[in-house]
Amino acid sequence: MSTYHKVLTRKEFPHKANMERNGGYRVAIAGTGAYVPPKRLTNRDLEKMVDTTDEWITKRTGIKERRIVEDGVASSDLASKAAMRALKDAKVSPKDVQLIITSTITPDSLFPSTSCYVQKHIGAKNAGAFDVLAACAGFIYALSIGENYVRAGMVDNVLVIGAETLSKVTDYTDRSTCILFGDGAGAVLLRRAKGKHCSEVLSTHLGADGKHTDVLTLPAGGSKIPSTTKSIKERLHYIKFRGREVFKLAITNLTKIMRKTIDSSDYTVDDFSLFILHQSNFRIIEATMERLHIPPEKTFFNIDKYGNTSSASIPIALDEVKKSGRLKPGDLVLLAAFGGGLTWSSSIIRW
Ligand code: ACO
């Protein structure tokens with residue numbers, strides 16, 4: 001499945017007729033927020049846990065450390081902190097939020113949804129709440145749903161969150177996976193755009209290929225392999241992947257979706273000020289940028305600090321970029337992510 005609708009040019013945007021032609025209201029990113037837990041797990045710490053070295057991890061992934069929650073902390077706890085920061089940034093009260101959409105592969109429980117826990121924690125008593133699961137591509141999937149609710153005029157305020165506690169599903173005896181993952185959350189508040197200048201979601205694009213369901217998976221705990229003593233003994237309740245295969249598929253597919261997203265718009269690669277890719281591996285991002293002939297200074301990295309935080313990586317990056325003041329109003333940003341499923345997603349944002 002793939003969705004590529006027309007992206008409006010800068011000139012077309014201010015005109016109501018053009019907005020209607022595009023099928024609805026303009027969608028603003030009114031606020032961003034992020035939260036990572038304070039506890040650091042460094043490469044040096046991992047050297048004491050598995051047969052690895054700081055040098056190997058840094059060279060192969062770009063990761064130096066990741067944040068890890070304490071026992072008893074769930075994804076909704078991180079999500080709620082990020083959400084409150086996004087609401088504060090947008091100057092919107094929790095009671096005015098009409099919809100909460102959380103992307104996560106580490107929900108507090110299979111049900112109720114993590115979004116329901118967030119609703120309770122932040123007091124968003126007037127909101128509908130549900131979760132989205134599309135692994136590392138999930139935040140932009142959630143963004144796409146929120147975008148279209150606002151674009152259609154069904155709601156005015158949507159909280160879109162990416163939150164993970166991947167440390168809970170990481171096997172710290174497996175050196176090929178445990179070096180990669182970290183915990184964290186990020187959120188954006190989407191609102192019907194008012195006025196000419198505001199950060200705006202111009203488009204979102206989604207894709208998937210179910211024939212690769214087995215290359216990247218958390219096998220047990222669902223209806224196919226329910227949690228049993230046997231599944232736990234076989235360590236099937238932890239993330240498994242075929243690293244080298246995922247690595248190649250990530251570069252090929254990210255390159256394809258980024259090219260397709262740009263081609264479906266009226267912009268060229270040079271029109272974009274920044275490319276924010278899911279922080280999975282420094283080498284994946286670097287190779288993708290090289291294939292697209294984009295200079296490395298036009299991309300964003302924070303993988304050294306947080307590792308791969310799956311759904312949380314894009315909204316954490318958006319918040320860091322906003323706080324850094326790196327972009328000016330009107331700059332174009334391309335978001336792109338790739339994950340288990342396989343799933344992929346992209347979005348064009350005007351800052
Ligand atoms: N320390 C030292 N050596 C290691 C480690 C480690 N932590 N892990 C693996 N090795 C060894 C391997 O055993 C292998 O040894 P061998 O040659 O003697 O067999 C050697 O290093 C090379 O192994 P590769 O797996 O080929 O290493 P590669 O360069 O591919 O890097 C990595 C591995 C980092 C996992 C890479 O494949 C990768 O990033 N893949 C993508 C994974 C990913 O990001 N998935 C994200 C999706 S998560 C989601 O969607 C929820």
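Let me start with I68, which in this predicted model sits in the loop between β3, residues 65-67, and α4, residues 75-90. The residue has a relative accessible area of 9%, and because that is under 20%, I68 counts as buried. If we set aside its neighbours within four places in sequence, I68 is in contact with P37, K39, L41, S167, Y172, F181 and D183.

From there I would like to move to W351, which is 283 residues from I68 in sequence and 31 Å from I68 in space, C-alpha to C-alpha. W351 is one of the residues lining the largest cavity, together with I29, T32, S199 and K322. By class, that lining has 2 nonpolar, 2 polar and 1 charged residues. The volume of this cavity is about 30 Å³, and a search of the whole structure finds 1 cavity of 30 Å³ or more.

Now to the backbone, where most residues other than glycine have a negative phi, and most peptide bonds are trans. Against that background, K91, in the loop between α4 and β4, has a positive phi near 55 degrees, and S310, in the loop between α11 and α12, has a positive phi of about 50 degrees. K91 is exposed, with a relative accessible area of 76%, whereas S310 is buried, at 2%.

As for peptide bonds, a cis bond joins F111 and P112, with omega about 0 degrees, and P112 lies in the loop between β4 and α5. Another cis bond joins G341 and L342, with omega about -10 degrees, and L342 is placed in the loop between β12, residues 332-339, and β13, residues 343-350.

How values were computed:
Residues numbered from 1 in each chain as written. Predicted model: local features only at pLDDT ≥ 70, side-chain atom pairs only at ≥ 80, totals over all residues. Heavy atoms only, no water. 1 Å grid on protein atoms, 1.4 Å probe; cavity = no way out; pocket = protein on both sides within 12 Å on 5 of 7 lines; lining within 4 Å. Points joined across faces, edges and corners; volume = space filled by probe spheres on them. Nonpolar A, V, L, I, M, F, W, Y, C, P; charged D, E, K, R; others polar. Helix = DSSP H or I, 4+ residues; strand = E, 2+ residues; numbered from the N terminus. Buried < 20%, exposed > 50% of the residue type's maximum accessible area, 1.4 Å probe, protein only. Contact = heavy atoms within 4.5 Å.
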